[in-house]
Amino acid sequence: MRLSRRGLLRAGLAGTAATALGGLASGCAVPTGSTGRNMVLWYWSGGLSDTVVKNAKARYGSSVELDAIQIGGYYRSKLITTMAGNAHIPDIAGLKGEDMASYLPNAGQFVDLRTLGAEKYKSRYLGWKWDQGIADDGSMVGFPIDCGPVAHFYQYAVFQKAGLPYEPDDVSKELNTWEKFFAAGERLKQRIPGTFLLTDVGAVFENAVQQGSKRYVDKDRNFIGDQRHVRDAWALAVEAKRRGIVSSIVNGTPDQISAKESGRLPSQLGASWATGDLKNEVPRTKGRWRVAQMPVRPSNNGGSFLSITKACREPERAFEIITWLLDADNQAQGFVDAGLFPSTPASYGMKKLQEPDPFFGGQVTMDVFGPAAQKIAVAYNSPYDFALGQPIKDEIKNVGVLGKDPKKAWEDAMSKCRRIAKHLGVGI
């Protein structure tokens, strides 16, 4: 069975932040990277455009032999292990966005890209995305690849049948708050029994948190997952369950795919890369879908970086390659080839990204995702966010799927968070 991009993101989060930190802290003391004309680039399947990588090899072939290697399995673990083993370390290494916070405390393992002139490129990239690659000491570890602005995917005919707004601009305008979004879900269910606006409560909770400027741990290493921004997101998710607009179907299962295909799940909140998931999971729904802005403001899900390790013998040349790989034209190609949404606003108006998409009824989806990407809130991402956010996500899932009492679920989540925080040395 094909593993979706969403599944790959979740799989990549298997380890805790503490493990990642410990692995990198024991990294190489003596660089053992490439020698001579050889330069090694590590990334994962779909992490870069194959076309762009091929073109980079040709472009720089007269001066360097670029060996671009796709690493399978748990990428982060393999990179950390290789760096700790002080051998066969890549010169250029991809860093997945969801793992980025765990690399930043160990910025010394990477070349500070500011020393290579990165600042002159800053204005070409989304400001919030650029900032995610910078460590607390100001050093720049990661150069932006893609991002994942979230929007509202829906089935045009189903919304029309339910008496809801169905043109993308109208959906964006009339469902622009969570209350209006929930009310639309109630109307959908009343007009077409057996349908649900969203698969699960997690879609509400996680996107509501991601819409804001805070997560679970602050810069002073204190747990803030019990504060209002998380409580409000929790309350929204509970309200979605109470009003019956979310299903009890488990996300990512054959049942969910079947429900999408039949129109029983005609709506979802998804990142830009979910366009590819829909095309692969439910190809027979071609032409039925449209994309609108999500309620309130967009959130972000996914997006990665390229870094230069301290093992690199030719960091200036490596930086030259990175900046070419990730310029606006090549990022546009990355979206066409691999669904990598550009972190370069100059890409959004390019002809290759303004083509009508038959799967979405001829809609130019960039007209939704482009503006959304530029409205993402800047948030501090702690290396401990995953470990301390997961218990809360697990418990809200228990509320949605198992019907657990929300009050008891919250209490259990906070109890687990306190234990984990104590173990990690995070203030409570």
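Biologist: At what angle do helix α17 and helix α18 pack?

Modeller: This is a predicted model. Helix α17 covers residues 385–402 and helix α18 covers residues 406–424. Their axes lie 9 Å apart. The packing angle is about 165°.

Biologist: Is α17 roughly parallel or roughly antiparallel to α18?

Modeller: Angles over 145 degrees count as roughly antiparallel. The angle here is about 165°. So α17 is, relative to α18, roughly antiparallel.

Biologist: How many residues of the contact of α17 with α18 are charged?

Modeller: α17 brings residues including Leu388, Ile392 and Glu395. α18 brings others, among them Trp410, Asp412 and Lys416. The contact has 14 nonpolar residues and no polar ones. The charged residues number three.

Biologist: How is α10 oriented to α11, roughly parallel or roughly antiparallel?

Modeller: Helix α10 spans residues 201–210, and helix α11 spans residues 228–242. They pack at about 155°, with axes 8 Å apart. Over 145 degrees counts as roughly antiparallel. Therefore α10 is, relative to α11, roughly antiparallel.

Biologist: Which hand does the crossing of α10 and α11 have, left or right?

Modeller: Val204 and Phe205 are among the α10 residues in the contact, and Trp234 and Leu236 are among those of α11. The contact residues divide into eleven nonpolar, no polar and one charged. The crossing of these two helices is right-handed.

Biologist: How many residues of helix α16 are buried?

Modeller: Buried means under 20% relative accessible area. Met366, Val368, Phe369, Gly370, Ala372 and Ala373 are buried in α16. The helix, residues 366–373, is mostly covered. Of its eight residues, the buried ones number six.

Conventions: Residues numbered from 1 in each chain as written. Predicted model: local features only at pLDDT ≥ 70, side-chain atom pairs only at ≥ 80, totals over all residues. Heavy atoms only, no water. Axes fitted to C-alpha atoms, helices over the stretch in contact; angles between N-to-C directions. Helix = DSSP H or I, 4+ residues; strand = E, 2+ residues; numbered from the N terminus. Parallel < 35°, antiparallel > 145°, perpendicular 65-115°, else oblique. Left-handed = near helix turned anticlockwise from the far one by under 90°. Contact = heavy atoms within 4.5 Å. Nonpolar A, V, L, I, M, F, W, Y, C, P; charged D, E, K, R; others polar. Buried < 20%, exposed > 50% of the residue type's maximum accessible area, 1.4 Å probe, protein only.
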